[in-house]
Amino acid sequence: MNVVIADRPAPGGCTVGIAGFGTVGQAVARILASGAHPGVQLTHVCNRNVARKRVDWAGGEVVWTDSFQALIDSPVDVIVELIGGQDPARRWIEQALAAGKSVVTANKQVIAGSGPALLREARRQGRHLLFEAAVAGGIPILRGLRDGVAGDRLRRIQGILNGTCNYILTRMECAGLSFDEALSEARRLGYAEADPSADVDGYDARAKLAILVGVGLGRVVDVEDIPAEPITPVAAIDFIYARRLGCVIRQVARAELTPDAGGLHAAVRPALVPEASALARVGGSRNIVVVDGEFGGETAFSGFGAGGAPTAVAVVSDLMAIARRPAPAPDGWLPASGEPCPVIRAFEAPHYIRFMINDRPGIIASLAQVFSHHGINVDAVLQEPGWPKTELPFVMTLESCSSVSVAAALADAAGFDFHVRPPLWLPMRVDRSNGTAGSSPA
Ligand SMILES: NC(=O)c1ccc[n+]([C@@H]2O[C@H](COP(=O)([O-])OP(=O)(O)OC[C@H]3O[C@@H](n4cnc5c(N)ncnc54)[C@H](OP(=O)(O)O)[C@@H]3O)[C@@H](O)[C@H]2O)c1
């Protein structure tokens, strides 16, 4: 293989090798090729079967290689990992750090799973490991947490962290589409993968939430401990009922410290949020993160959570931070030690339960009796007219109560023979005092 060493960038700059020349890798190269940031110079691109990736606009001096080892052996200052997935991405990041390179990555899986260990290695080597693009794409949320609201003591972080789910849910809300119709449309427009399960099942958002918990709340959390519930059971009828309650439905990623800061509630699940809340006003594929601090109250960060160009901006911003300050400060981005903080699964909130039943007299009385038996107060019963009696959706809302009690009540109610489908059970994130997305734990 022929390695050509490109000219060094301006003093105070850095040279860059990109590993993974896909959507984000190419968008990063385009920004660097634009000349907007002369201090950051692309010198190497690594991708499997790289010949089919070669482009002339990236600069004639760029070295194209199939071999990651060639990147390690080259004099590049920073390696940008953009291949995605766990393996070999994690191994490549370790190798790059061990070789004395700084690393920038957009890889939420690797950072959520191994961030603290990799940061320890980066610190040991006196190198940077930056990952702004791993959470909410183009929104500078990690820098916002680390620098912008560093003066506060954060208690809660909640957000819409998955653009695919937000697109599907807002299309169901605005156009009355079914889940399948909205998903097909999202696929057609490039907002959803052929296999959307990581998005719709909540796993993508929970990896991002785990990183936010580390950077914003200062707790290491095992990503697998965060409950994730799918948006797939949400139906078009739920948006009609949600509207009657002054709400919309969103996939909400939420983490909150207990009042003594000793425990952590965290979850990703569909939830009702007030129409007037910041979470409800983010439509389509956009993302939002709302942080709540003891001193400063709520601060929202919003923008494009994905897409090649917005994500590439976050990557290039990390590169510029490295170019400005090649030796990192000794403090880390994540808590670099400590056992993972256990996640408390039970939570208190008002609840929305949508039943789908084969109608007959006495159903509401039977359900009310079950809820009463578990100490739960029913707040309202809603029933839209015009549905067939053999498949009739109706909703009961419950006053704020423990999720443990709701689960026990619904387990008892599962024995009734009138269910056509299992009920859909969503928390209502409604803070009745101020109309914002509520303050009860995740
Ligand atoms: N796309 C977004 O909007 C977005 C937003 C935020 C974060 N991210 C993150 O950014 C990273 C990159 O995403 P992307 O959308 O750019 O992915 P992508 O379009 O699939 O690009 C990945 C690139 O890496 C190459 N690659 C994969 N495995 C490789 C291997 N083992 N050896 C060599 N090359 C390999 C692929 O080559 P082939 O062409 O041969 O497959 C492809 O060119 C991921 O971690 C993703 O989660 C993406």
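These exercises walk through a predicted protein model, each with a worked solution.

Residues are numbered from 1 along each chain as its sequence is written. The model is predicted, with local features needing pLDDT of at least 70, side-chain atom pairs counting only at pLDDT 80 or more, and totals for chains, interfaces and linings using all residues.

**Exercise 1.** Find how the protein is divided and describe the contact between domain 1 and domain 2.

*Solution.* Start with the bounds, which come from an automatic or database domain assignment. Domain 1 covers 1-137 + 307-342, domain 2 covers 143-303 and domain 3 covers 348-427. Next, take the distance: the C-alpha centres of domain 1 and domain 2 lie 28 Å apart. Now count the contact. Domain 1 gives 20 residues and domain 2 gives 21 residues. (Two residues are in contact if their C-beta atoms, placed from the backbone, lie within 7 Å.) On the side of domain 1, helix α4 (residues 108-125) gives the most, with seven residues. Helices (H or I, at least four residues) and strands (E, at least two) are DSSP runs, numbered from the N terminus. Last, sort that side of domain 1 by class: 13 nonpolar, five polar and two charged residues. Here Ala, Val, Leu, Ile, Met, Phe, Trp, Tyr, Cys and Pro count as nonpolar, Asp, Glu, Lys and Arg as charged, and the others, Gly among them, as polar.

**Exercise 2.** Which residues of helix α3 are buried, and what do they pack against?

*Solution.* In α3 (residues 89-98), the buried residues are Ala89, Arg90, Trp92, Ile93, Ala96 and Leu97. Down the helix axis they fall within an arc of 160°, so they line one face of the helix. The arc is that of the directions from the helix axis to the C-beta atoms. Their packing partners are β1 (14-19), α2 (68-73), β4, β5, α4 and β6. Just after α3, Gly100 takes a positive phi of about 85°.

**Exercise 3.** Describe the shell around the ligand.

*Solution.* Of the 21 residues around the ligand, Gly20, Gly22, Gly84, Ala106 and Ala306 come nearest. A residue is near if its C-beta atom, placed from the backbone, lies within 6 Å of the molecule or strand in question. Sorted by class, the shell has eight nonpolar, 11 polar and two charged residues. Then trace the helices: α1 (23-33) and α11 (308-324) each supply at least two residues. The largest share, three residues, comes from α1.

Key
Buried ≥ 20, exposed ≤ 12 C-beta atoms within 10 Å, placed from the backbone.
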